[in-house]
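Subject: Structure handover

Hello,

My notes follow below it.

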Amino acid sequence: MTDAERQLLDLLDIERLEVDLFRGTGSGGETPTRIYGGQVIAQALAAAYRTVEGRLCHSLHAYFIRPGDPSIPVIYQVDRARDGGSFTTRRVVAIQHGRQILNLSASFHAGDEGWDHQHPMPDISGPETHPTRQALQERFIDRIPQKYRAEFTRARPIEIREVEPRDMFEPIPTDDRHYLWFRMGAAAGAGPEMQHLLLAYASDMGLLGSGLRPHGLSWYTRQVNGASLDHAMWFHAPIRFENWHLYAMDSPWTGAGRSFNRGKIYAEDGTLVASVAQEGLMRRLKSEG
């Protein structure tokens with residue numbers, strides 16, 4: 001297990017303060033200036049899971065209200081909305097500086113018999129044919145200001161292989177549909193709840209950038225101010241995140257300073273394990289820099 005993987009597992013091991021009150025670490029995620037959205041979603045889901053027995057999450061819906069401050073912990077307050085015969089519902093409020101930064105609702109299901117179908121996985125070449133995150137960093141490191149290079153190349157817990165990566169600094173307009181492979185080796189042996197937390201953490205990677213692609217933009221072109229506004233996720237099948245998963249993303253619409261983005265997550269054998277939807281801020285910067 002790498003240090004980065006161990007750190008992520010520690011981030012998701014939130015502390016119980018009271019019966020329905022928990023505390024999570026704010027620092028250590030994907031971004032240094034504010035808390036990475038996938039981190040606060042995963043920690044909020046972890047808090048909800050601490051109040052549920054014998055049922056797995058099948059859906060969650062979250063609103064990002066304020067940017068998270070990575071310099072202090074996050075308090076998670078769980079409301080036990082309902083414990084039904086088949087479904088359990090929880091509402092989680094994430095708090096920093098006395099104010100809400102995220103609201104999350106999650107539903108848990110005991111499971112039932114039914115009919116099965118799914119859309120097939122896109123025909124995409126396997127992860128071994130695509131460059132590693134480290135290889136892409138090396139490609140662009142000379143264009144990163146010296147003071148940001150350590151953060152840019154810092155080891156991350158999720159292994160990523162992006163399909164047809166773009167030039168981060170001079171992207172050309174392209175199709176909104178894009179794909180990446182991801183996994184985390186340290187997920188091996190983890191229970192189904194932790195598998196959900198890890199996939200929820202990873203589900204915020206790359207999705208918000210879908211709406212930038214048709215416009216020839218990236219987060220490095222200094223033209224757009226972006227942030228996640230909400231995030232919804234549905235879990236369909238058992239997850240073994242130590243194995244490769246394909247994240248197929250697209251953006252059907254952008255407008256009014258927002259973008260709508262969707263994702264489907266497939267196991268390497270083609271099983272659709274989760275679906276994701278997210279709307280994000282896509283505001284034009286008034287001036288570069």
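This is a predicted model: local features need pLDDT of at least 70, side-chain atom pairs count only at pLDDT 80 or more; totals for chains, interfaces and linings use all residues.

**Cavity and pocket**

The largest cavity is lined by Ala4, Gln7, Leu8, Leu11, Gly28, Arg154, Ala155, Pro157 and Tyr201. Residues are numbered from 1 along each chain as its sequence is written, and side-chain values use heavy atoms, with hydrogens and water left out.

A cavity is a set of points, on a 1 Å grid over the protein atoms alone, where a 1.4 Å probe fits but cannot get out; a pocket is an open set with protein on both sides within 12 Å along at least five of seven lines; lining residues have an atom within 4 Å of a point. Grid points are joined across faces, edges and corners, and a volume is the space filled by probe spheres set on the points.

The search of the whole structure finds one cavity of 30 Å³ or more. About 40 Å³ of space lies in the largest cavity. Helix H1 (residues 3–12) gives the largest share of its lining, four residues. Helices (H or I, at least four residues) and strands (E, at least two) are DSSP runs, numbered from the N terminus. By class, the cavity lining has six nonpolar, two polar and one charged residues. Here Ala, Val, Leu, Ile, Met, Phe, Trp, Tyr, Cys and Pro count as nonpolar, Asp, Glu, Lys and Arg as charged, and the others, Gly among them, as polar.

The second largest pocket holds about 760 Å³ of space. Its lining has 25 residues, and His58, Phe235, His236, Ala237 and Pro238 lie nearest its centre. E3 and H5 each supply at least two lining residues. The classes are 11 nonpolar, 10 polar and four charged.

**Helix H5**

Eight of the 11 residues of H5 are buried (under 20% relative accessible area; exposed is over 50%, partly exposed in between; 1.4 Å probe, protein chains only). Among them are Gln195, His196 and Leu197. Leu197 sits in H5 (residues 192–202). Leu197 counts as buried because its relative accessibility is 6%. Beyond its neighbours within four places in sequence, Leu197 is in contact (heavy atoms within 4.5 Å) with Leu12, Ala42, Leu45, Ala46 and Tyr49.

**Sheet**

An open sheet is formed by 12 strands, in the order E1-E2-E4-E5-E6-E3-E9-E12-E11-E10-E8-E7, with antiparallel pairing (at least two DSSP bridges between two strands). Strand E1 (15–18) and strand E7 (159–163) are the edges, each pairing on one side only. Strand E8 (residues 178–183) and strand E10 (residues 245–255) run antiparallel, joined by five bridges. Within that pair, Leu180 has Tyr247 of E10 as its bridge partner.

**Two positive phi angles**

Most residues other than glycine have a negative phi. His97 is not a glycine, yet its phi is positive, about 55°. His97 lies in the loop between E5 and E6. Its relative accessibility is 59%, so His97 counts as exposed. Glu164 also has a positive phi of about 55° without being a glycine. Glu164 lies in the loop between E7 and E8. At 66% relative accessibility, Glu164 counts as exposed.

Best wishes
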